[in-house]
Amino acid sequence: MPCGASCGGGDSPVNVLLTNDDGIDAAGLRALYEALRVRHTVWVFAPAHDRSGTSNALSLGRDMLLEELEKGWWALSGTPTDCVICALKSGLLPKRPDVVVSGINGGCNIGTDVVYSGTCGAARQASLSGIPGVALSVLEAPDSAKAEADLSGRMNEKPVRFYFEPLAAFAARNLEQLRDICGKPVEGGPVPYFANVNAPPEAPYAGLSFAPLSCRLYSNTVSRGTSENGISRLRLEGEGCAIRALEDGFTDASCVGSGRISISLVFAEPACAVPGSGTGRFVLDGAASASV
């Protein structure tokens, strides 16, 4: 569902909690902070180190180290979900945030990525906690991570480059709209959705669309090895590759691929299908069975 290039901003300052999964020193987090703090009150509560791919993992029953690096900037030795919960429950924030913004992630979180992403996990946790959550991610620049041969013939990989500032500026202009589309808390409970926002690598953007999630397939590999002391080791590697789309082909992936910002409203609470009648008979106790 396309809409204009910018939804327009409001006039009231907002209390914002920032977090991410790339870690407290990530450039995307700093770019977002600089853009939002011009008009809003912003606190940062982020993992001390890169915690990508941690989804909604919790550090239950384990002590976490906390350090205030500068006023209103806390680094926690936990996951993005830990950061959201601890920020809301520790009493360190002077006020309850109006919105939690997670990112800006270096690399898109499209389709099935929302299951694994710590960036999305933090936004989901915010909505589960009754505060609208927004996840922001940007695609790498098109000339990034290309292998090139140097003069000696060795292959060198160019560094991956991200342009965070355009998406940070978009978030600052449209923060109230991104907050409001997540919905209101249901009877004092969770907010229905979190907003998953993905942007193409460079501005000016061609527009934006509300898009369904694609189905992303992964090329995971596992390598085996042995450490110096003889202990077996496994290493999991992988990246997203093929994309499956709806019949008309319109998804968050195609949206970003066409130069537009993609916004997907994702259910914060798990959703399930309820099958109709006639799906079979299930054995309960011994010979007893029930039809459904």
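These legends accompany close-up views of a predicted model. Local features need pLDDT of at least 70 and side-chain atom pairs count only at pLDDT 80 or more, while totals for chains, interfaces and linings use all residues. Residues are numbered from 1 along each chain as its sequence is written, and side-chain values use heavy atoms, with hydrogens and water left out.

View 1. Asp113 belongs to helix 3 (residues 113–116); helices here are DSSP runs of H or I with at least four residues, numbered from the N terminus. With a relative accessible area of 9%, Asp113 is buried (under 20% relative accessible area, 1.4 Å probe, protein chains only). Look for its side chain making a polar contact with the side chain of Tyr218 at 2.5 Å (a pair of N or O atoms within 3.5 Å, one able to donate a hydrogen and the other to accept it).

**View 2. Helix 2 against helix 4.** Helix 2 (residues 80–89) and helix 4 (residues 118–128) pack at about 30 degrees, their axes 8 Å apart; axes are lines fitted to C-alpha atoms over the stretch in contact, and angles run from 0 to 180 degrees between N-to-C directions. The two helices are therefore roughly parallel (angles under 35 degrees). Pro80, Thr81, Val84 and Ile85 of helix 2 meet Gly118, Gly121, Ala122, Gln125 and Ala126 of helix 4, with contact meaning heavy atoms within 4.5 Å.

**View 3. Helix 4 and its ends.** Ten of the eleven residues of helix 4 are buried, including Arg124. Ser117 caps the N-terminal end, a side-chain oxygen lying 3.1 Å from the backbone nitrogen of Thr119. After helix 4 comes Gly130, with a positive phi near 90 degrees.

Terms used: Buried means under 20% relative accessible area, exposed over 50%, partly exposed in between (1.4 Å probe, protein chains only). Angles under 35 degrees count as roughly parallel, over 145 as roughly antiparallel, 65 to 115 as roughly perpendicular and the rest as oblique.
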